[in-house]
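Me: I have a structure open here and would like to walk through it piece by piece. Can you help me read it?
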Amino acid sequence: MSKPFNLLFAVSEAHPLIKTGGLADVAYSLTAALKPHVHEVRMVLPAYRAALAHAGHLEPIATLHVAGSDAPVRILEGEVPGSGVKVWLVDAPFYFDRDGGPYSDPHGHDWPDNAARFAVFARAIVEIACGRTGLGWRPDVVHCNDWQTGLVPALLALESARPAIVFTLHNLAYQGLFDADVFQTLALPAALWAPEALEFHGRVSFLKGGLIFADRLTTVSPTYAKEIQTPEFGYGLEGLLAHRARHLTGILNGADYGVWNPAHDPLIAAHYGPDTLHLKAANKDVLQRQLGLPQISDAPLLGLIGRLVEQKGIDLLLSVLPALLQHPLQIALLGSGEKHIEQALLDAAKHHPQRIAVHIGYNEALAHRIEAGADMFLMPSRFEPCGLNQLYSLRYGTVPIVRRTGGLADSVMDASATHLKAGTATGFVFDDATPAALLHTLERALALFRKPAQWRTIAACGMRQDFSWNKNASAYLALYREAQATPAA
Ligand code: ADP
Ligand code: GLC
């Protein structure tokens with residue numbers, strides 16, 4: 001039996017407190033899966049206004065003094081609703097008690113003081129990590145996530161005694177890059193201004209703090225772990241990542257089947273499973289009605305949910321729309337993000353109101369209804385570190401159509417002749433990020449949809465896959481032990 005240890009999970013969003021994407025789902029479900037296996041786990045998150053509103057009862061338990069915040073920073077203790085994981089909210093109202101998102105204002109513009117906000121967050125985490133809260137609690141392992149926690153490993157490296165550090169990279173496209181003068185305004189230790197520390201081509205990179213100073217690095221799928229070591233996906237960091245390859249692993253995200261399960265999802269009209277797939281049709285009816293689409297049951301309904309950013313390859317879908325609409329299908333789309341993508345989708349829906357329904361905004365309930373009501377789910381991502389919606393789609397019998405990249409490549413089995421014959425096909429996969437490749441694959445899917453028995457076999461096979469955290473939470477546990485036993489430096 002190995003020694004029990006304490007874990008501090010540091011993250012900038014967590015379902016159901018505050019969410020912009022998959023990171024929030026992972027924070028919720030991974031900590032819930034780890035809880036029984038570690039001595040004590042604490043999640044630490046900024047006390048955003050939205051998080052304060054959703055957290056339920058909170059108790060101030062400590063007061064910290066950290067550089068960058070004139071006022072003392074309080075730690076508020078509560079529980080993550082649903083999982084019961086203990087959460088510590090870093091309460092610096094000047095930085096976090098605002099309307100808007102965790103990273104941007106209500107108009108979608110990045111908060112101009114993001115560097116200062118996440119530096120204060122990081123410094124509070126460092127105090128907790130080093131046991132300087134007066135609470136008599138300290139972690140053996142700190143698990144940081146993405147650039148918002150990137151300063152933590154860098155600052156901990158300067159401490160004489162520190163916990164083991166694991167850093168997970170959820171998306172290399174977001175690096176927390178700021179102008180050089182920000183480094184001065186944050187009063188960071190001078191030793192960190194170096195190419196082998198936070199400096200990146202004359203700017204300061206929060207992400208590099210994680211990439212360089214963590215004992216172990218992970219990313220959220222085995223394929224993405226390889227991709228980011230190449231210039232195409234590495235944004236200039238591929239050399240550094242390749243240099244750290246010995247300490248870099250890809251661990252595929254899990255899905256939380258407590259939240260995402262058509263057998264008991266409270267947000268959908270009719271419950272079903274792989275043996276009762278015919279009951280799924282009632283969800284399609286409801287969705288069509290809700291979205292104002294004609295109630296044609298045999299017209300394939302394609303769903304898409306996501307952040308409307310370049311990563312997601314929506315431009316590919318827009319390019320193939322005219323050809324795609326030659327087929328008798330419908331499209332249900334939910335998302336928000338870059339204004340020009342939102343507008344292009346709204347225009348398409350306006351021109352084809354009987355065929356395309358677009359909902360701009362963030363809507364958790366509608367996301368569940370699309371997963372349950374659609375026949376196919378589209379993820380033409382240009383890159384996708386893991387992707388959760390294809391995992392949810394598999395569980396909902398909503399056959400995913402994905403590009404072979406990152407976690408999509410690691411979770412969907414193409415309906416090739418071989419996989420169909422072997423009964424292992426779960427979706428449709430295309431290689432090139434081109435309209436032609438997407439259209440070709442969509443047409444393959446539409447052709448198979450016209451063969452209901454075969455289609456049901458694919459959908460049911462997807463539903464039976466196990467992408468729960470059961471398997472992969474243990475990969476993190478093993479890594480936490482390894483990081484403690486053999487730190488990187
Ligand atoms: P990413 O993290 O890159 O956004 P993922 O597929 O990992 O992509 O996770 C996206 C998560 O965010 C899923 O839970 C998805 O349902 C949710 N989501 C994204 N956009 C919306 C939206 N507009 N409304 C509701 N949920 C959304
Ligand atoms: C990022 C990625 C997504 C991944 C999520 C959770 O936002 O874009 O692919 O699933 O993080 O790890």
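This is a predicted model: local features need pLDDT of at least 70, side-chain atom pairs count only at pLDDT 80 or more; totals for chains, interfaces and linings use all residues.

Me: Why does Asp99 count as partly exposed?
Reply: Its relative accessibility is 48%, so Asp99 counts as partly exposed, given that the class of exposed residues begins over 50% and that of buried residues lies under 20%.

Me: OK, changing topic to strand E6: is it largely enclosed or open?
Reply: Strand E6, residues 141-145, is largely enclosed by the rest of the structure, because 5 of its 5 residues are buried. Val141, His143 and Asn145 point one way from the strand, while Val142 and Cys144 point the other way, and all of them are buried.

Me: What does E6 pair with?
Reply: Strand E1 (residues 6-10) pairs with E6 in the parallel sense over 4 bridges, with Ala10 having Cys144 of E6 as its bridge partner. E6 also pairs with strand E7 (residues 164-169), again in the parallel sense, over 5 bridges, and there Val141 has Ala164 of E7 as its partner.

Me: Which helix goes with E6 and E7 in the β-α-β unit, and what is its hand?
Reply: The helix is H5, residues 151-156, and together with E6 and E7 it makes a right-handed β-α-β unit.

Me: Are the faces of E11 covered or open?
Reply: Both faces of E11 (residues 216-219) are covered, with Arg216 and Thr218 buried on one side and Leu217 and Thr219 buried on the other.

Me: Now the sheet that contains E13: what is the strand order?
Reply: That open sheet has 6 strands in the order E15-E14-E13-E16-E17-E18, with parallel pairing. Its edge strands are E15 (356-360) and E18 (428-430), each of which pairs on one side only, and the twist from one strand to the next averages 15 degrees.

Me: What packs on it?
Reply: Helix H11 (residues 281-291) lies across E13, strand E14 (330-337) and E15, and runs at about 60 degrees to E13. Helix H14 (residues 364-373) also packs on the sheet, where it touches E13, E14, E15 and E16, and its direction makes about 145 degrees with that of E13.

Me: Last topic, the helix pair H1 and H20: how do their axes cross?
Reply: The axes of H1 (residues 22-34) and H20 (residues 469-485) come within 9 Å and cross at roughly 75 degrees, so H1 is roughly perpendicular to H20.

Me: Which residues make that contact?
Reply: From H1 they are Val26, Ser29, Leu30, Ala33 and Leu34, and from H20 they are Trp469, Ala473, Tyr476, Leu477 and Tyr480. The residues of this contact divide into 9 nonpolar and 1 polar, with no charged ones.

Note on methods:
Residues are numbered from 1 along each chain as its sequence is written. Chains are lettered from A and ligands numbered from 1 in the order in which they are written. Side-chain values use heavy atoms; hydrogens and water are left out. Buried means under 20% relative accessible area, exposed over 50%, partly exposed in between (1.4 Å probe, protein chains only). Helices (H or I, at least four residues) and strands (E, at least two) are DSSP runs, numbered from the N terminus. Two strands pair if DSSP finds at least two bridges between them. A crossover is right-handed if, with the strands pointing away from the viewer, the path from the first strand over the helix to the second runs clockwise. Axes are lines fitted to C-alpha atoms, for helices over the stretch in contact, and angles run from 0 to 180 degrees between N-to-C directions. Contact means heavy atoms within 4.5 Å. Angles under 35 degrees count as roughly parallel, over 145 as roughly antiparallel, 65 to 115 as roughly perpendicular and the rest as oblique. Ala, Val, Leu, Ile, Met, Phe, Trp, Tyr, Cys and Pro count as nonpolar, Asp, Glu, Lys and Arg as charged, and the others, Gly among them, as polar.
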